[in-house]
Amino acid sequence: MPRPSESDPLALLLAGHKQTRQQLGVLGSANGAQAIAWFDHTASQQREILESGVFPALIESMAGSDAVCLKGMTRGLTEQSHVLAHQWPAIRQALQTPGQNSETTQRWIQDYLTYLQCADEDLLPMAQRLLDDAALQDIEARYTQAFAQG
């Protein structure tokens with residue numbers, strides 16, 4: 001996976017999300033099975049980094065403030081992520097069966113695109129403004145650990 005800037009883990013996530021969008025395009029095509037490995041590992045790791053690194057750091061950055069809206073946004077994205085992960089095995093199976101690029105797969109792709117849009121347009125820009133160096137270093141470490149083998 002290309003790495004834009006070692007010192008900006010949020011830029012790494014944004015770049016990864018851009019590649020995930022490209023892979024969603026492949027997933028929705030006749031060659032969808034070619035994108036399975038991406039969603040088995042890379043996309044899953046990206047969602048995990050958001051949930052375990054970015055979201056808690058964002059909420060922590062708002063300590064002492066009324067972060068109800070932020071908590072709602074992160075909780076909503078976490079729930080969306082879990083739904084996507086829960087549905088992935090059935091989508092994966094359908095992609096491995098020729099001619100099974102179904103309406104369910106297309107709906108899953110659209111739901112994933114909606115998830116990415118919210119993360120990229122709402123939460124990651126907020127994280128860029130609010131997170132301190134320690135939080136960014138933690139996210140970078142999570143990113144490095146998740147993708148060390150590639």
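Before anything else, I noted that axes are lines fitted to C-alpha atoms, for helices over the stretch in contact, and that angles run from 0 to 180 degrees between N-to-C directions. Helices (H or I, at least four residues) and strands (E, at least two) are DSSP runs, numbered from the N terminus.

I also wrote down that this is a predicted model, where local features need pLDDT of at least 70, side-chain atom pairs count only at pLDDT 80 or more, and totals for chains, interfaces and linings use all residues. Residues are numbered from 1 along each chain as its sequence is written, and side-chain values use heavy atoms, with hydrogens and water left out.

**Entry 1: α1 against α2**

I found that the axes of α1 and α2 cross at roughly 145 degrees and come within 11 Å. α1 passes α2 in a left-handed crossing (the near helix is turned anticlockwise from the far one by less than a right angle; clockwise would be right-handed). On the α1 side, the contact (heavy atoms within 4.5 Å) includes L10, L13 and T20, and on the α2 side it includes W38, A43 and L50. I sorted the contact residues of α1 with α2 into ten nonpolar, six polar and no charged. For this sorting, Ala, Val, Leu, Ile, Met, Phe, Trp, Tyr, Cys and Pro count as nonpolar, Asp, Glu, Lys and Arg as charged, and the others, Gly among them, as polar.

Is T20 buried or exposed? T20 is buried, with a relative accessible area of 0% (buried means under 20%, exposed over 50%, partly exposed in between, with a 1.4 Å probe and protein chains only). Leaving out residues up to four places away in sequence, I saw T20 touch W38, F39, A43, Q46, Y112 and L116.

L13 lies in helix α1 too, and L13 counts as buried at 0% relative accessibility. From C-alpha to C-alpha, L13 and L50 are 8.5 Å apart in space, though 37 residues apart in sequence.

L10 is also found in α1 and is buried, with a relative accessible area of 1%. I checked L10 against L136: they are 126 residues apart along the chain, and their C-alpha atoms are separated by 7.9 Å. Beyond four places away in sequence, L10 touches V54, L124, A127, Q128, L136 and I139.

α2 has 26 residues and reaches 36 Å from its first C-alpha to its last, close to the 38 Å expected at 1.5 Å a residue (the expected span is 1.5 Å times one less than the number of residues). Where does α2 bend? I located a bend of about 35 degrees at L50, taken as the angle between axes fitted to the seven residues ending there and the seven starting there.

α2 and α4 pack at an angle of about 40 degrees, with their axes 11 Å apart. Their contact includes F39, L50 and L58 of α2 and Y112, L124 and L130 of α4. By class, this contact has 15 nonpolar, one polar and one charged residues.

**Entry 2: α3**

I followed α3 (residues 68–95) last, and its 28 residues reach 39 Å, close to the 40 Å expected. A kink of about 40 degrees lies at W88, shortly before the proline P89. Among the buried residues of α3 are L70, L77, L84 and W88. What covers the buried residues of α3 includes α1, α2 and α4.
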